[in-house]
Amino acid sequence: MISKKIQIKLLEEMLKIRLTEEMIAKKYYEQKMRCPIHLSIGQEATATGVCFGLKDSDKVFSAHRSHAHYIAKGGSIKSLLSELHGKISGCAKGLGGSMHLLDLNKGFSGAVPIVGSSIPIATGTAWANKLKKLNDLVIIFLGDGATEEGVFFESLDFASLKKLKILFVCENNFFSVYSPIDKRQSKKRNLCKIANSLGIKSTFIDGNDIENIYLKTKQIKKYIKKNSEPFFLLLNTFRYIEHCGPNNDDHLKYRNINTIKFWEKKCPIVNYQKKLIKRKILDHKKLTKLKKKIFNTLIKSFKYAEEQNFPTKKILNEFIDA
Amino acid sequence: MLKKIKKYSEVIKETLDYNLKKNKKVVLMGLGVDDPKGIFGTTLNLHKKYKNRVFDLPTAENGFTGFALGLSINGMFPVITHQRVEFSLLAFEQFVNQIAKWNFMTGGKVSNPMIIRLIIGRGWGQGPQHSQSLEILFSHIPGVNVLTPSTPQSVRGLFNSSFKEKKPTIIFEHRWLHETYGNSPKLNYFTKIGKAKILKSGSDITLVGFSYSVINCLESAKILKKFNISAEVIDLQSLRPLDINTILKSAKKTKNIIIVDNGWSFYGISAEISAQVAEKLCNLKNLKIDRLGNKNTPMPSTKSLAKLCYVNPYDIVVSAEKMLNKKFKNLKKFKLKEYYADQPNKNFLGPF
């Protein structure tokens with residue numbers, strides 16, 4: 001059973017991601033956030049469920065679509081928005097943009113947009129933990145496309161060999177940009193079995209079922225720590241808007257309308273709200289209040305980001321080496 | 001103080017040993033670092049002395065370069081070794097996108113010090129994929145040091161300095177240099193990164209080399225001396241950062257400069273240096289620049305063709321003769337020795 005408090009918290013975390021992403025999308029046209037963005041709308045449950053309850057010393061790595069993971073790990077919203085605005089107060093001082101988030105205080109260690117490339121870096125972090133005799137976890141979020149990369153296999157292989165405390169989380173949203181999974185992978189391919197064949201235990205969970213993800217990953221984290229073994233988790237989910245940018249792109253018809261409708265019905269947030277209202281843990285008034293609270297914080301954070309200074313030439317001089 | 005003569009490869013091993021001992025965060029990794037041959041002797045038996053800090057690895061170059069970065073951003077100091085430069089190309093993504101940029105991408109918050117040792121092959125049939133140097137590929141990327149020690153002294157000093165760096169450092173080791181001997185400074189000797197060294201001063205012509213091409217420059221300077229030409233030999237030591245000032249100073253003095261590449265000169269290190277010398281000394285009257293490199297083909301394995309492809313001291317002397325408008329008498333007798341393109345010395349009997 002999940003306590004009422006945690007149920008509300010799970011919803012709140014997902015809402016925080018959704019509302020942040022929606023406000024970014026809404027304000028993107030203003031041309032103040034001038035960097036490519038890969039929004040996580042629709043994929044809030046995977047990030048929230050997996051990251052819930054992690055300690056700051058546990059480390060999370062991600063890829064191009066990293067906002068949800070960053071927020072779920074407790075990353076500062078002000079630093080995130082500042083980074084998108086290219087400001088000195090950004091988490092990477094404006095040098096990285098949306099695709100290079102980090103919050104070291106919260107254990108969000110990094111994200112890179114080259115598909116699969118953060119997997120070995122996360123694996124190396126788990127190796128460092130082992131060499132330093134630390135009991136912390138490392139979580140690496142990767143997409144279905146990343147499982148086609150060589151480093152995916154190289155990293156699983158090594159994590160298995162060295163018995164590293166790392167959780168590989170594959171969020172399968174069925175598309176690598178516009179390329180559907182059935183054009184990229186054989187129908188006979190079985191990711192969980194691939195992990196198993198490398199000596200790594202695995203589980204598949206519906207990626208939009210927040211409670212199940214939370215409960216099962218809680219056990220998985222315990223398993224990893226107790227046995228000092230890596231684990232592979234596969235979560236099917238769906239992004240609601242375009243691969244890169246703030247808009248809906250369903251008019252391009254690269255995704256089947258029935259598939260879209262199927263996943264719309266499975267919205268992790270709408271369904272969980274309904275569930276909590278049905279359980280009488282939440283009512284509409286409380287929900288509105290919750291959203292309002294998040295909304296107001298966001299307004300303040302955007303204002304903060306907009307008011308900050310741009311970095312000056314001085315910072316570049318620190319990096320010139322020729 | 002008595003100077004100690006030691007083998008280049010032995011100096012590397014001593015220096016790695018010294019830094020492993022001094023800094024518990026240092027780990028050595030790479031295919032075969034703990035094998036019975038110990039990377040041409042440079043890591044031999046270190047795994048016995050530093051258990052759990054010297055790691056053989058799976059053949060997964062891009063993966064393990066990422067693992068090393070993971071170690072580095074978590075406070076360790078990894079040293080990766082590739083027995084030939086060519087294997088590291090599998091790790092080029094991690095190197096260019098991640099390692100060279102991690103400090104920058106984190107707004108300077110996270111440093112990722114590490115050493116990547118890349119070994120260049122030459123001669124004895126190494127052929128197209130075991131004889132490339134490719135320094136230019138690595139030197140092009142901001143965010144890393146690229147070093148090319150050419151003597152036991154500089155290999156000691158540059159390794160020690162790299163272990164003090166916050167930046168990742170690439171160290172090119174030429175396989176033939178492993179077999180050379182020279183003065184070996186004390187264990188805690190440092191060489192400043194980003195400084196070239198004048199190995200021999202002269203007044204008529206400047207010869208610029210790095211890594212093994214320095215040996216060629218020194219050899220050709222000896223021949224030139226027989227024709228009463230005084231050559232200044234500059235060892236770059238560091239390709240990035242590049243000490244252009246030492247080169248400019250010498251070029252101003254001699255007004256004749258030959259830059260000798262270790263690989264192809266087309267788009268090579270010599271191209272960058274020639275361009276900078278030309279740009280910065282364009283008002284200098286009678287300045288002459290030439291550059292030499294390997295033939296612009298993949299390197300053939302057979303010695304009958306390989307000797308036509310590698311730059312050798314004779315080529316440098318011929319270039320100098322032309323540049324200085326001289327006619328050297330009986331130059332042909334200095335034509336390279338038969339073994340030159342094929343063996344580091346007469347005792348070398350392969351295989352790699």
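Strands here are DSSP runs of E at least two residues long, and helices are runs of H or I of at least four, numbered from the N terminus. The model is predicted.

**Stop 1: a loop in chain B**

Select Q237(B). It lies in the loop between β11 (231-235) and β12 of chain B. Is Q237(B) buried or exposed? Q237(B) has 27 C-beta neighbours inside 10 Å, so it counts as buried.

Move on to P241(B). This proline is in the loop between β12 (238-240) and α11 (244-254) of chain B. Look at the peptide bond that runs from R240(B) to P241(B): it is cis, with omega near -5 degrees.

Now pick S211(B). You will find S211(B) in the loop between β10 (205-209) and α10 (213-226) of chain B. Phi of S211(B) is positive too, near 50 degrees, and the residue is not glycine. S211(B) is buried, because 26 other C-beta atoms lie within 10 Å and the cut-off for burial is 20 or more.

**Stop 2: the two domains of chain B**

Colour chain B by domain. Domain 1 covers 4-184 and domain 2 covers 197-334. Their centres, taken over C-alpha atoms, are 27 Å apart. Where they meet, 27 residues of domain 1 are in contact with 24 residues of domain 2. To see the domain 1 side, select α7 (135-139), β6 (145-147), α8 (152-164), β7 (168-174) and α9 (175-178) of chain B; these elements give two or more residues each. That side divides into 12 nonpolar, 13 polar and two charged residues.

**Stop 3: the largest nonpolar core**

Which residues touch the most other members of the largest nonpolar core? They are I140(A), L167(A), F168(A), V169(A), L233(A) and L207(B), in a core of 163 residues. Domain 1 (4-184) and domain 2 (197-334) of chain B both give residues to this core, so it lies between them. In soluble globular proteins, nonpolar side chains tend to be buried together.

Centre on L207(B). Leaving out residues up to four places away in sequence, L207(B) touches C217(B), S220(B), A221(B), A231(B), E232(B), V233(B), I258(B), V260(B) and I316(B).

**Stop 4: where the chains meet**

Show both chains. Here 26 residues of chain B are in contact with 29 residues of chain A. On the chain B side, α3 (61-72), α5 (92-99) and α6 (102-105) each supply at least two residues. Helix α3(B) gives the most, with eight residues. The chain B side divides into 12 nonpolar, 11 polar and three charged residues.

**Stop 5: the sheet in chain A**

Switch to chain A. Trace the open sheet of six strands in the order β2-β1-β3-β4-β8-β7, with parallel pairing. At the edges are β2 (108-111) and β7 (201-206) of chain A, each pairing on one side only. From one strand to the next, the twist averages 15 degrees.

Zoom in on β4 (residues 166-172) of chain A. Strand β4(A) pairs with β8(A) in the parallel sense over six bridges. Find C170(A): it stands opposite L234(A) in β8(A).

**Last stop: a glycine beyond β8**

Select G245(A). This glycine is in the loop between β8 (231-236) and α10 (257-265) of chain A. G245(A) counts as partly exposed because it has 14 C-beta neighbours inside 10 Å. Finish by drawing a distance to I17(A): the C-alpha atoms of G245(A) and I17(A) are separated by 16 Å, though the residues are 228 apart along the chain.

Terms used. Residues numbered from 1 in each chain as written. Chains lettered and ligands numbered in written order. Predicted model: local features only at pLDDT ≥ 70, side-chain atom pairs only at ≥ 80, totals over all residues. Buried ≥ 20, exposed ≤ 12 C-beta atoms within 10 Å, placed from the backbone. Core = buried A, V, L, I, M, F, W, Y, C linked by C-beta atoms within 7 Å. Domains from an automatic or database assignment. Contact = placed C-beta atoms within 7 Å. Nonpolar A, V, L, I, M, F, W, Y, C, P; charged D, E, K, R; others polar. Pairing = 2+ DSSP bridges. Axes fitted to C-alpha atoms, helices over the stretch in contact; angles between N-to-C directions.
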